[in-house]
Amino acid sequence: MIPLSTDLPVLAINGLEVRYGAAAAVQGVSLRVSSGVLSVVGRNGMGKTTLCKTIVGLKEAAGGEIKFLGTPLLGKRPDVIHRLGIGYVPQGRRIWPSLTVDEHLRIPNTPAFPKWTRERIYETFPRLAERRNNGGNALSGGEKQMLAIGRALLGDPRLVIMDEPTEGLAPVIVDQMVELLRRLASDEGMTILLVEQNLKVALSVADHVAIMVNGAVDRIVGAQELRADRALQQQLLGVGKQATRELTA
């Protein structure tokens, strides 16, 4: 675990390039995240998931740099990046169907004196405590997402990368996830990079939003500014009129 420093951004990405063969998936992305939540939004296929995977070491970069509290990440293995203090909640949850909830929570490497233990995960997600002996294939979508987040928290992360955490969830579970994200950022002091297709969620938990277009960050805008700019929502995100009415209601 890297010691905390007030002089360095938690996450600094400069000129990041990622390719799939000849195709550029991420093109010159630069971001700085010092605290709180930064939401990353964009249409499908804009490079958001590739960005997440590259930060946590699951995808090799073709150029640029990524630093976590000043420490370069490119070239490091995912397990090393995890131990530095970065948690990852992948798109699709990635829950093993044959392992129980409790077995999932025993897998991650944890610090010697962890703030987040299995017991605390069960206190935070009482539903997981009730289902601790159930296999991953017996969990609902919301329960799988709770488990994916709980698994990431066991490393006591300073930074959490979350890729589409509310995808496919019922509205009541989405509301619970929003409250959890706010609590992790405000009460636990975690920094969160949130990739989210649900624009209402993205705007409700972050002060600023990075908009990705064709693998690049087109702009970073204030959440309130984007909420009020219907033309920008439709131009860059393809958000329909009904959705914009819900955002401004």
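Which elements each supply at least two residues of the lining of the largest pocket? They are α2 (78–85), β6 (86–89) and α6 (141–153). This is a predicted model, in which local features need pLDDT of at least 70 and side-chain atom pairs count only at pLDDT 80 or more, while totals for chains, interfaces and linings use all residues. Residues are numbered from 1 along each chain as its sequence is written, and side-chain values use heavy atoms, with hydrogens and water left out.

**Largest pocket**
- A pocket is an open set of points on a 1 Å grid over the protein atoms alone, where a 1.4 Å probe fits, with protein on both sides within 12 Å along at least five of seven lines; lining residues have an atom within 4 Å of a point.
- The volume of the largest pocket is about 520 Å³, taken as the space filled by probe spheres set on the points.
- Of the 18 lining residues, P78, H82, Y88, P108 and R151 lie nearest the centre of the pocket.
- Helix α2 gives the largest share of the lining, five residues.
- By class, eleven lining residues are nonpolar, three polar and four charged.

**Residue D102**
- D102 lies in helix α3 (residues 101–104); helices are DSSP runs (H or I) of at least four residues, and strands (E) of at least two.
- D102 counts as buried because its relative accessibility is 12%, and buried means under 20% (1.4 Å probe, protein chains only).
- Leaving aside residues up to four places away in sequence, D102 touches R118, Y122 and R132, where contact means heavy atoms within 4.5 Å.

Conventions. Ala, Val, Leu, Ile, Met, Phe, Trp, Tyr, Cys and Pro count as nonpolar, Asp, Glu, Lys and Arg as charged, and the others, Gly among them, as polar. Buried means under 20% relative accessible area, exposed over 50%, partly exposed in between (1.4 Å probe, protein chains only).
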